[in-house]
Amino acid sequence: MIAMRDAMRAVQQHDKGDVVLTTETGIWAWEDVLKDEDLHLPIPSMSKGSSVALGVGLAHPDRRVVLWDGDGGLLMNLGSMVTVSNKAPTNLYPFLFDNGVYAVTGGQPVPGRGRADWEEMAKGAGYAAVFSFDNLEDLTTGIDQVLATQGPVFIH
C-alpha cells in the first residue's frame, strides 16, 4: 500500500492549477502537502466526495479536478460512479485509497474488504480509463500517463 502523503506529493508535483478536493480520509494529509490553499476544497462528509467533485468538474471544465477519496466513503455512494461516467467530465481524476477500513471513525472494516474489485466497478460504471498502483515507484512513473488521459479517470 502507498502512504497517502507520498501519493499526494507524487501527484502534486504535476499540479497545473488543479482544484483538489479531499474527503475526511485525506483532509489531514493534504494539509501537510498543500501548495495552494485557495484551490483546496475539503469535504468533511463521508460519501460525498465523488458527487462534489463531479459538480466542481462540470462547473470548471478548464481546470483539472483531483479528488482524494477513501474506499469506505465511496462504498457508501456507489451510484455516484455511474453518474460520473454518465456526465463524463474530461477533467476529473478521483484517486481512491483502498485501505479496507473506515479510517476516520475508528478503523472499522468496510464491507467487502479485500473482495471488492474497484477497477472492475469503475470499468463497469463506464469510466474513460482506470489505473491501479500498489507501490509509490509505479505511481511516480505512471502519473504522467494518468494525468494525460482524458477523464473521467479512476485511479486506485
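**Close-up 1. R64 and D18, a buried pair.** Both R64 and D18 are buried, where buried means under 20% relative accessible area, exposed means over 50%, and partly exposed covers what lies in between (1.4 Å probe, protein chains only). What you see here comes from a predicted model, in which local features need pLDDT of at least 70, side-chain atom pairs count only at pLDDT 80 or more, and totals for chains, interfaces and linings use all residues. Residues are numbered from 1 along each chain as its sequence is written, and side-chain values use heavy atoms, with hydrogens and water left out. The side chains of R64 and D18 join in a salt bridge, 3.1 Å from N to O; the term stands for a side-chain nitrogen of Lys or Arg within 4 Å of a carboxyl oxygen of Asp or Glu. R64 sits in the loop between α3 (49-59) and β3 (65-70), and D18 in the loop between α1 and β1 (19-23), so the pair ties together parts that are 46 residues apart in sequence. The helix and strand names follow DSSP runs, numbered from the N terminus: helices are H or I with at least four residues, strands are E with at least two.

Close-up 2. How many salt bridges does the structure hold? The count is three, and in this one the closest N and O atoms of R9 and D6 are 3.7 Å apart. Both residues belong to helix α1 (residues 4-12), three residues apart, or about one turn of the helix. R9 counts as partly exposed because its relative accessibility is 37%. D6 is partly exposed too, at 32% relative accessibility.

**Close-up 3. K123 and E120, a pair inside helix α6.** Side chains of opposite charge can pair when their charged atoms come close. Here K123 and E120 meet in a salt bridge, at 3.8 Å from N to O. They are three residues apart in helix α6, so about one helical turn separates them. With 49% relative accessibility, K123 counts as partly exposed, and E120, with a relative accessible area of 46%, is partly exposed as well.

**Close-up 4. Helix α5 against helix α6.** Two packed helices are described by the angle between their axes and the distance between the axes. The axes of α5 (residues 79-87) and α6 (residues 118-125) come within 8 Å and cross at roughly 45°. That makes α5 oblique to α6. Axes here are lines fitted to C-alpha atoms, for helices over the stretch in contact, with angles running from 0 to 180 degrees between N-to-C directions. Angles under 35 degrees count as roughly parallel, over 145 as roughly antiparallel, 65 to 115 as roughly perpendicular, and the rest as oblique. The crossing of α5 past α6 is right-handed: that is the word if the near helix is turned clockwise from the far one by less than a right angle, and left-handed if anticlockwise. On the α5 side, M81, V82 and S85 make the contact, and on the α6 side W118, M121, A122 and A125 do; contact means heavy atoms within 4.5 Å. Sorted by type, the contact residues are six nonpolar, one polar and no charged. Ala, Val, Leu, Ile, Met, Phe, Trp, Tyr, Cys and Pro count as nonpolar, Asp, Glu, Lys and Arg as charged, and the others, Gly among them, as polar.

**Close-up 5. Helix α3 alongside helix α5.** At what angle do α3 and α5 pack? It's about 15°, with the axes 9 Å apart. That makes α3 roughly parallel to α5, and their crossing is left-handed. S50, S51, L54 and L58 of α3 touch S80, T83, V84 and K87 of α5. This contact has three nonpolar residues, four polar and one charged.

Close-up 6. Most residues other than glycine have a negative phi, and most peptide bonds are trans. S47 has a positive phi, near 85°, without being a glycine. You'll find S47 in the loop between β2 (40-43) and α3, and at 8% relative accessibility S47 counts as buried. A88, also not a glycine, has a positive phi of about 50°. A88 lies in the loop between α5 and β4 (92-97), and it is partly exposed at 36% relative accessibility. Then there's the peptide bond from G151 to P152, which is cis, with omega near 5°. P152 belongs to the loop between α7 and β8 (153-155).
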